[in-house]
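Subject: Structure handover

Hello,

Here is the structure I promised you. Please open it alongside this email, and my notes follow below.

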Amino acid sequence: MTTATATHDDHHDHGPAKGLMRWITTTNHKDIGTLYLLFALIMFFIGGAMAMVIRAELFQPGMQIVDPQFFNSMTTVHALLMIFGAVMPAFTGLANWLIPMQIGAPDMALPRMNNFSFWILPFAFTLLLSTFFMSGGGPAGGWTLYPPLSLQMGDGFPFLIFAIHLAGISSIMGSINVIVTILNMRAPGMTLMKMPLFCWTWLITAYLLIATMPVLAGAVTMLLTDKFAGTSFFNAAGGGDPVMFQHIFWFFGHPEVYILILPAFGIISAIVPTFARKPLFGYSSMVYATASIAFLSFIVWAHHMFTVGMPVTGELFFMYATMMIAVPTGVKVFNWVSTMWKGSMTFETPMLFAVGFIMMFTIGGFSGLMLAIAPADFQYHDTYFVVAHFHYVLVTGAIYSIMAATYYWLPKWTGNMYDERLGKIHFWISTISVNLLFFPQHFLGLAGMPRRIPDYSVQFADWNMVSSIGGFIFGASQLLFAYNVYKTVKGGKKATDKVWEGADGLEWTLSSPPPYHSFTEAPVVK
Amino acid sequence: MKSRIARGVLALTTGLLAGSALAEWDLLNMRKGVTSTSHEVHDLHMMILWVCVVIGIVVFGAMIYAMLKHRKSKGAVAAQFHESTTMEIIWTIIPIVILVSMAIPATKTLLAMEDVSDADMTIKVTGLQWKWKYDYVDGEGAGISFLSSLAPEHNEARLLGAGMDEAKLREKFGQTYLRDVDNPVVVPTGKKIRFLLTAADVIHSWWVPDLGWKKDAIPGFVNESWTRIDKPGVYRGKCAELCGKDHGFMPIVVVAKSPADYAAWVQAQTGAAAAEAASADKIWAADDLLAKGEQVYKTNCAACHQLTGTGVPPAFPALAGNPISNGDDPMGQITTVLNGRPGTAMAAYGPMLSDVELAAAITYVRSSWGNSGSAVQPAEIKAAR
Ligand code: HEM
Ligand SMILES: [Cu+2]
Ligand SMILES: [Cu+2]
């Protein structure tokens, strides 16, 4: 459709347009997947640079580098970029690349919407970052945007809200596309219960996104009218309720954290069987566990609000509901371990990251279970213990799964093998440094260090220094990852179609790199 | 610097060696605290921690065993099993049993923590950007009221450009950098104290780890909580909810005194309050007002309007050279400071500061940094309230 003479019949065979226009006008799932992944990588580095600023200020007590207001905007924007700019687009990028190839479809079901949903993102995040140059500076009220504090932001406020709206619209369109593709474009014989778990977890994630993004959009719109239109949704002086915002926010926010981890479960469930050379243990229980986690994620939101002064019955309900999530999550971990049990394992880089994921995500899960115990949370809440918890599930969870996926499928995507030695070095430096970075934060939180503070008392000095050193090493080692990916895209040892000895699934039946339109003829699944 | 890194590495190794005697336990684990609540919370914490450790050993142990034994390089041949309903049921039931056994003590502790009945006295805590206000509303000491902010020396040392590093801070403040206030909240030991928590501007959270809990202070809401402190001492905490620029700089200091010492403190406070009220009626000399005003301004206004009166426009307006700080009619400035500007960060200081303090601060603003406004007497504030 790039040439006027292309007819419907031969349009399967033409390659992509050339140059920049290829990327702007593309409707191809692989091109769009690449765009998403590249965008996520850029955001990961910008958000990471902000984390470096934070860790540099926290390197020792006393204020040395940035003023407190700017520090607060660093934590806020770091989180917004990492969540909405890095992890979510990376998962969408993986979905774009993989879902058509895994279910035997030629492309995503709604290619033009696919293009649109990607191209909204650069605008959304440019808007967000532009607030740093406005009077009053960037958002500094925390990524949770609690009023009344968030309403004290300067001129950038409407830009912040609009950026969130745009990112939300993009996610919703991406999700619709995933659902329509999976439900309508599976190859003959590919029943739902034969689908790879990555497709399953994404299908459920997409429903979570469609259910919760509008809730976030509503909440931030109410902030906007409170600030500019004189409404008092969250203003106690006008009859509103600041705690109401927190309820609405976390009704979005808790499912959101599962949006950030369910696709990761799918990735790990693909990689572990490949390198154990043994089928996934308990496939159907994995599907049911995913579905029950998704359901439970809607009824636990107030565990983020144990200290706001809820009635005790409310606190009990949310404590019990939260503890229940440990059950399906445990099932997943047990299934992965059983998949490894009596396998014939090798440890190439994707497997290393997958094993790292299982161990460190589980550590994050343990601290999550501790946080669920309401009376104990009265001590843990809003301390570095929480910072340690969510970084174990997000960095060594979500981010590790994305790295594992990249190493695992990159040879398929590019036709070239990545540098295995460099990959292993990247894994080991990352894993040692990330634990230096985040494990001591458990101690800091328990010893009494609140989160979101630019300066602290001297008794926290030692662990903060360890944490900062870990942070700098972890940050720097991600350059190895970027370099390895770059090198693989440019060339390298040719990959076979199957790439991995134990790989199983439709995507491995395609050539490496795969044809521009994945399956022009539907494969038959036995 | 080298020794700092060496100390960091040392702390790390000692920490990794399961908190050997070298590392202070309090810096690795939750504090036991000084109330029955904090003890219960600590015990709960240790119980869940050990449960997690044991589950971790089993799961990671199995994983590591498999990784060592069932690897291709060891000649392992992959089995092909991929399902076992029995196993799935077992590892669903066992966690449920463990969770229930954790939920029972947690529920008991929670119910006890939320029971604020039969208190001996009540203190109202109000969070403000960025200080705390304490009102003793009920019981011994009722009527006492004061603001509590980060102690002034700390407030200067923590500024960007103060040139502080860890060594200097240790030398100057010992262990208490950022943990000292001008007016600590004093309470008696052995009494059940009910706290009412609220806020005037944004959400704050009142947290003293040794008491075993934190509770949010939310504008428009009054939350309740309680404590009974067993032994006299100084217990320090921090605001725990992000509340803007100086969130990291609003510490809490609770001084628990024996009932006799507490009674003496109450007497001293009421005496001081009476003297202050009496001094509001006399005419103050300009120099006395200025000297007091500088103190009041530093602790209450400088965070936003800056020590130099230049503010941080556009968020916080300059007071230096501002028409409102000049001329012969101070009423505009008095009403602004008394009533604040609703909907902005400028709070109403009428309920927080005394007539003398307000008159002093306003006089100070009106005659510093090149301003040449008229002085203000406490009586004028009294009349304007
Ligand atoms: C490059 C490695 C990273 C480092 C060194 C790092 C470091 C930090 C630090 C120091 C804070 C501030 C904590 C505070 O003062 O309260 C923070 C906050 C946060 N980070 Fe990260 N982080 C990293 C990666 C990530 C990733 C990948 C994610 C999400 C996927 C993430 C999500 C968050 C969130 C949600 C917050 C809370 C922000 C808030 O308090 O509003 N971080 N991070
Ligand atoms: Cu949650
Ligand atoms: Cu605060």
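A contact here means heavy atoms within 4.5 Å. Please keep in mind that this is a predicted model.

With that cut-off, take A:F306. Which residues does A:F306 touch, leaving out those up to four places away in sequence? They are A:E315, A:F318, A:M319, A:L371, A:A372, A:A374, A:D377 and A:F378. A:F306 itself sits in the loop between α9 and α10 of chain A. Is A:F306 buried or exposed? Its relative accessible area is 0%. Buried means under 20%, so A:F306 counts as buried. A:G505 is elsewhere: 199 residues separate it from A:F306 along the chain, and their C-alpha atoms are 45 Å apart.

Next, the iron site.

Two histidines of chain A coordinate the iron atom of ligand 1: A:H78 and A:H391, each through NE2, at 2.0 to 2.1 Å. The two come from distant parts of the chain, 313 residues apart. A:H78 belongs to helix α3 (residues 68–103), and A:H391 to helix α13 (residues 384–414). Both A:H78 and A:H391 are buried.

For reference, the ideal angles for six octahedral donors are 90 or 180 degrees.

Last, the interface of chain A and chain B.

The two chains bury about 8,700 Å² between them. Carbon and sulfur atoms account for 70% of that area. Three residues, A:F281, A:Q379 and A:V458, supply 8% of what chain A buries against chain B, more than any other three. The contact takes in 102 residues from chain A and 102 residues from chain B.

How many salt bridges does the rule find across this interface? It finds 1. The side chains of A:E501 and B:K72 meet in a salt bridge, with N to O at 2.8 Å. Polar contacts between chain A and chain B come to 24 residue pairs, both residues at pLDDT 80 or more.

Several helices of chain A each give at least two residues to the side that touches chain B, including α3, α7 (242–259), α11 (349–372) and α15 (461–490). The largest share of that side, 15 residues, comes from α10(A).

Best wishes

How values were computed:
Residues numbered from 1 in each chain as written. Chains lettered and ligands numbered in written order. Heavy atoms only, no water. Donors = N, O, S within 2.8 Å, 3.2 Å for Na, K, Ca; no water. Helix = DSSP H or I, 4+ residues; strand = E, 2+ residues; numbered from the N terminus. Buried < 20%, exposed > 50% of the residue type's maximum accessible area, 1.4 Å probe, protein only. Buried area = accessible area lost by both parts, 1.4 Å probe. Salt bridge = Lys/Arg side-chain N within 4 Å of Asp/Glu carboxyl O. Polar contact = N/O pair within 3.5 Å; in protein donor to acceptor, adjacent residues only side chain to side chain.
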